[in-house]
Amino acid sequence: MSEILPDATAEFARAIGPEPDGVIEEMDAQADAEGFPTVGPEVGGWLQLLARMVDARRVFEFGSGFGYSAYWFARALPDDGEIVLTEVDEDELDQAREYLRRGGFDDLASYELGDAIETVAEYEGPFDAVLIDNEKHRYREAFEAVRPKVAEGGVVIADNAVTAGPIDFEALSALVRGEDPGEVDDHTAGVADYLGAVGDDPAFESALIPLGEGIAVSLRVD
Ligand SMILES: C[S@@+](CC[C@H](N)C(=O)[O-])C[C@H]1O[C@@H](n2cnc3c(N)ncnc32)[C@H](O)[C@@H]1O
């Protein structure tokens with residue numbers, strides 16, 4: 001990662017971004033100990049800020065793990081807000097419930113065990129903020145499932161827009177620039193396919209925040 005985001009820049013971003021609380025610090029320690037791929041504090045601060053910038057009341061997450069990204073979002077929601085956490089792993093979802101309860105966010109949160117792309121079909125929109133952080137080869141499917149439910153002025157954020165364990169950055173960069181990188185794995189192809197789809201969608205304007213593993217931020221403008 002260091003060639004994409006130098007450690008010094010990450011540290012600097014953490015110093016500037018919103019302060020984590022004790023629960024977030026505990027979650028960071030758990031992620032470090034387990035090698036669990038949360039979005040990390042630099043991106044967490046941006047999730048909180050983006051939710052505030054779009055005045056988010058309702059948030060939907062594709063892939064919540066033990067609740068790290070949801071916790072940062074929840075800090076920006078009003079008392080009558082809502083965040084839907086989805087997760088295929090029951091143990092992770094139970095941990096998310098406990099962390100959000102400790103943060104005082106239990107009244108805001110709904111916990112959905114199962115495939116997020118099936119879950120989103122059961123919810124009415126509009127959502128003001130959406131996080132796509134499920135299987136990389138299904139990012140586009142997630143986007144298409146939630147697209148009609150994204151509020152105008154709402155934001156869709158996709159994690160791993162630059163990197164993740166299996167993503168080949170050189171190939172991803174070539175695909176995004178319309179070049180042929182040769183053979184590409186499913187994860188890299190999935191992220192490139194998503195970035196192409198949201199980038200070509202006239203209802204959205206997108207930009208990259210190269211922190212953490214990179215987030216693509218797409219604002220619904222129409
Ligand atoms: C990279 S982790 C990130 C979790 C969280 N967003 C965070 O920042 O900590 C992705 C999580 O998504 C879950 N996941 C993957 N595909 C999913 C799907 N289709 N539906 C629900 N959860 C999914 C995985 O089990 C994993 O816990």
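Q: Which helices each supply at least two residues of the lining of the second largest pocket?
A: This is a predicted model, in which local features need pLDDT of at least 70 and side-chain atom pairs count only at pLDDT 80 or more, while totals for chains, interfaces and linings use all residues. Residues are numbered from 1 along each chain as its sequence is written, and side-chain values use heavy atoms, without hydrogens or water. A pocket is an open set of points on a 1 Å grid over the protein atoms alone, where a 1.4 Å probe fits, with protein on both sides within 12 Å along at least five of seven lines, and its lining residues have an atom within 4 Å of a point. With helices (H or I, at least four residues) and strands (E, at least two) taken as DSSP runs numbered from the N terminus, the helices supplying at least two lining residues each are α1 (7-16), α2 (22-34) and α3 (41-53).

Q: What volume does the second largest pocket have?
A: The lining of the second largest pocket comprises eight nonpolar, four polar and six charged residues (Ala, Val, Leu, Ile, Met, Phe, Trp, Tyr, Cys and Pro are nonpolar, Asp, Glu, Lys and Arg charged, the others, Gly among them, polar). A volume is the space filled by probe spheres set on the points, joined across faces, edges and corners. For the second largest pocket, the volume is about 450 Å³.

Q: Which residues lie nearest the centre of the largest pocket?
A: The largest pocket has a volume of about 550 Å³. Its lining receives at least two residues from each of α4 (68-74), β2 (82-87) and α6 (116-121), and by class it holds 11 nonpolar, 12 polar and 10 charged residues. Of the 33 residues that line the largest pocket, those nearest its centre are Gly 63, Asp 133, Asn 134, Glu 135 and Lys 136.

Q: At what angle do the axes of α7 and α9 cross?
A: Tyr 139, Arg 140 and Phe 143 of α7 (139-146) meet α9 (186-200), and the axes come within 7 Å. Six nonpolar, one polar and two charged residues form the contact (heavy atoms within 4.5 Å). Axes are lines fitted to C-alpha atoms, for helices over the stretch in contact, with angles from 0 to 180 degrees between N-to-C directions. The axes of α7 and α9 cross at roughly 35 degrees.

Q: Are α8 and α9 roughly parallel or roughly antiparallel to each other?
A: Helix α8 (residues 169-176) packs against α9 with the axes 9 Å apart, at an angle of about 30 degrees. The contact joins Ala 171, Leu 172, Leu 175 and Val 176 of α8 to Thr 188, Ala 189, Val 191, Ala 192 and Leu 195 of α9; its residues are eight nonpolar, one polar and no charged. Angles under 35 degrees count as roughly parallel, over 145 as roughly antiparallel, 65 to 115 as roughly perpendicular and the rest as oblique. Therefore α8 and α9 are roughly parallel.

Q: Which residues of α5 make the contact with α2?
A: The axes of α2 and α5 (90-103) come within 10 Å and cross at roughly 155 degrees. The two helices are therefore roughly antiparallel to each other. From α2, the contact takes Val 23, Glu 26, Met 27 and Gln 30; from α5, it takes Gln 95, Tyr 99 and Arg 102.

Q: Between which residues is the peptide bond cis, with omega near -10 degrees?
A: Pro 126 is found in the loop between α6 and β4 (127-132). The cis bond runs from Gly 125 to Pro 126.
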